[in-house]
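Here's a friendly walk through a structure with two protein chains in it. Take a look at the picture first, then read on.

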Amino acid sequence: MDILIQVIVTGLATGGVYGLIALGFVLIYKATSVLNLAMGEFMTLGAFVCLTALLQLKAPFYLAFILTLLMACALGFVIERLILRPLIGEPIISVIMVTIGLGLILKGLMYMIWTPSFRTFPEIFPPKPLLLGFAVVPSGLLWGFVFAIIGTIIFLLIFKFSRTGIAMRATANDQQAALSMGISVRWVFALAWCFGAMASVIGGIVIGNISGISVYMGDIGLKVLAVIILGGLDSIGGAILGGFIIGILENLTGLYIDPLIGGGAKGMAPFIILVIILMVRPYGLFGKELIERV
Amino acid sequence: MRCGDFKETYIKDEEIFQSLFVKFWLGLFFVFLIIFPFVASAYYLYVANMIGFAIIGTVGLNLLTGFTGQISLGHAAFVGVGAYTSAILVTRLGFSFWLSIPFAGLIAAFAGMIIGIPSLRVKGLYLCIATLAAQFIFEFVFIHWESLTKGITGINIPAPSIGSLQFVTEKEFYWITLFFVVLGVGYARNLVRSRMGRAFVAIRDRDLSAEIIGINLFRYKLSAFAISSFYAGVAGALWVTFLKVVTPDHFPFILSIQYLAMIIIGGLGSTLGSIFGAIFITLTPELLNHLSEVVKAYAPGHEEIFVPMKEVIFGLLIVLFLVFEPRGLAEIWNRIKNFFRLWPFSY
């Protein structure tokens, strides 16, 4: 029983991190209807930049963190302007493939700059784990959880109350109507990419802290697809809740099914859940229901 | 348009060989294909074989993605299913290679239809994610169903033969590849101008209208998945028989992306484009390898840069083609052809 609770708590904490990366996907999807499959690479890049700032520039963590956010912001702007804007109105396969291509470019460049070797972060967060009495939360996961919750609340508030957030919601709802109300849809698109990149680099820094970084860290980005499909592609709250559910289910699979089939099921669980959701309820828990019977 | 080239019937308009000129050049090209193995070295024949397998897989994917408009990020999984089917039938059940090929295609087609079932409910982005999940699930099965696939150790496959004639070397295998490529391309080219091909295009252009004019979406979408996976299965079976070994490493996610890159760079919805794309994408890494050897000779120590370079160039090609030439190499080819057709009086 103890181990069950422990696994659920770990799952919850992992789920928080998934939720944060899912937030990156959702922010971009919500405003621009683009699913950015290069998200995993954004994440890795963020972790590498933060690490370089910490080690090479000897910057304190908060400075490195801000630097990484600025980098993400610039990256989002540049990519939106150079690659995504020419593709507005193109078929969906072009848009998806262009983000995959982008992911390959980023991955290759990171491989050139930082070499494929595995690295670990210096201690940023106090290494003391959180003792809950009935379970233990490792420090990395705990801080990941905290970051995820803070990030979500900030983004939710921006979306709910700020002028920019309202413009973004309007654009997501109806681009033409938004344009005619004087909202610069281009600006909103650029901003959405910038926000999405920022959310994912925070996720990257957190994951880098927990399990170290290598060029291949970006594969987690694909796992997070299950989270956003479960939560609903355009729901911020759904992304976070989906993150928790997938995190817990993944860890439970690791506990109960892995011994039965000899390992590997844990990494597979998100994809199997993904297929089931797509068959049963493709719009997810909180996604916009688009009913089309063809 | 060329002078005096009037088409009076639809049948005339849909002809594959539109003029004597085309027939002549195609004939010449076939002569070249037949002479090629006698003059080329083993390395070039190896590359030619690889291009052949890529063409079969790409033509299949183009039928699904280019013509029917259903995105599949899991093509490598079907290639894997075909490859494993053939390998297991040959080594376990003692099938001959020739019989195992159609079975590889059929089992892959069956797998494709299962993955295609969500396409009736979800489309676009969601279908893309569903096929992506299928890719990872199949990859997982290849590794973990050890009693059948022997896991990561893989299966060794004997060379195919007819009677006493063995197909071991690149040169001997070239004939098998050539046969299947001609068969596959010929079938696809004819399929797209048949009733089925027109139905595919109708579904791609607007599924709602297609349904209204009486196209059974269920049937045609699943057929598209089945045919495309059949091609993938055959390509996989040939490929691993050529390599003489099959392991799960042969079918990673990046291979699916490679296939998609081939049809995008070649040209979506064009059989000729699939061929161009397959040749282009197969040759690019080979060229990079050459370049890396040159660099190794003149500036040793710097050749490591070519390992990630492959991915960067690959990604760049996809992005650049999508942004600047979305209709791919086939469109460039058409433009060149049209330029020379009326040259020097183009107006």
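## Ground rules

This is a predicted model, so to speak of local features a pLDDT of at least 70 is needed, side-chain atom pairs count only at pLDDT 80 or more, and totals for chains, interfaces and linings use all residues. Residues are numbered from 1 along each chain as its sequence is written, while chains are lettered from A and ligands numbered from 1 in the order in which they are written.

## Chain A

Chain A has 12 helices and 2 strands (DSSP runs numbered from the N terminus: H or I of at least four residues for helices, E of at least two for strands). Starting at the N terminus, the order is α-α-α-α-β-β-α-α-α-α-α-α-α-α. Its radius of gyration is 19 Å, close to the 19 Å that the globule rule gives for 294 residues, so chain A is as compact as a globular protein of that length. (That radius is taken over C-alpha atoms, and the rule is 2.2 Å times the number of residues to the power 0.38.)

Along its principal axes, the C-alpha trace of chain A spans about 60 × 50 × 35 Å. How many of its 294 residues count as buried? The figure is 52%, where buried means 20 or more other C-beta atoms within 10 Å of a residue's own, exposed means 12 or fewer, partly exposed is in between, and C-beta atoms are placed from the backbone.

## Chain B

Chain B has 15 helices and 4 strands. With a radius of gyration of 21 Å, close to the 20 Å from the globule rule for 347 residues, chain B is as compact as a globular protein of that length. Its C-alpha atoms fill a box of roughly 60 × 55 × 45 Å along the principal axes, and 44% of its 347 residues count as buried.

## Where the chains touch

The contact takes 38 residues from chain B and 36 residues from chain A (two residues are in contact if their C-beta atoms, placed from the backbone, lie within 7 Å). On the chain B side, α6 (125-144), α10 (207-212), α12 (253-266) and α14 (306-324) each give two or more residues. Which one gives the largest share? That's α6(B), with 12 residues.

By class, this side of chain B has 30 nonpolar, 4 polar and 4 charged residues. (Ala, Val, Leu, Ile, Met, Phe, Trp, Tyr, Cys and Pro count as nonpolar, Asp, Glu, Lys and Arg as charged, and the others, Gly among them, as polar.)

## Helix α12 and its partners in chain B

Two packed helices are described by the angle between their axes and the distance between the axes. The axes of α12(B) and α13(B) (residues 271-298) come within 7 Å and cross at roughly 120°. (Axes are lines fitted to C-alpha atoms, for helices over the stretch in contact, and angles run from 0 to 180 degrees between N-to-C directions.) The two helices are therefore oblique to each other; under 35 degrees counts as roughly parallel, over 145 as roughly antiparallel, 65 to 115 as roughly perpendicular and the rest as oblique.

With α15(B) (residues 328-341), α12(B) packs at an angle of about 20°, the axes being 3 Å apart. These two are therefore roughly parallel. Here B:I264, B:I265 and B:G266 of α12(B) meet B:G328, B:L329 and B:A330 of α15(B), and the contact divides into 4 nonpolar, 2 polar and no charged residues.
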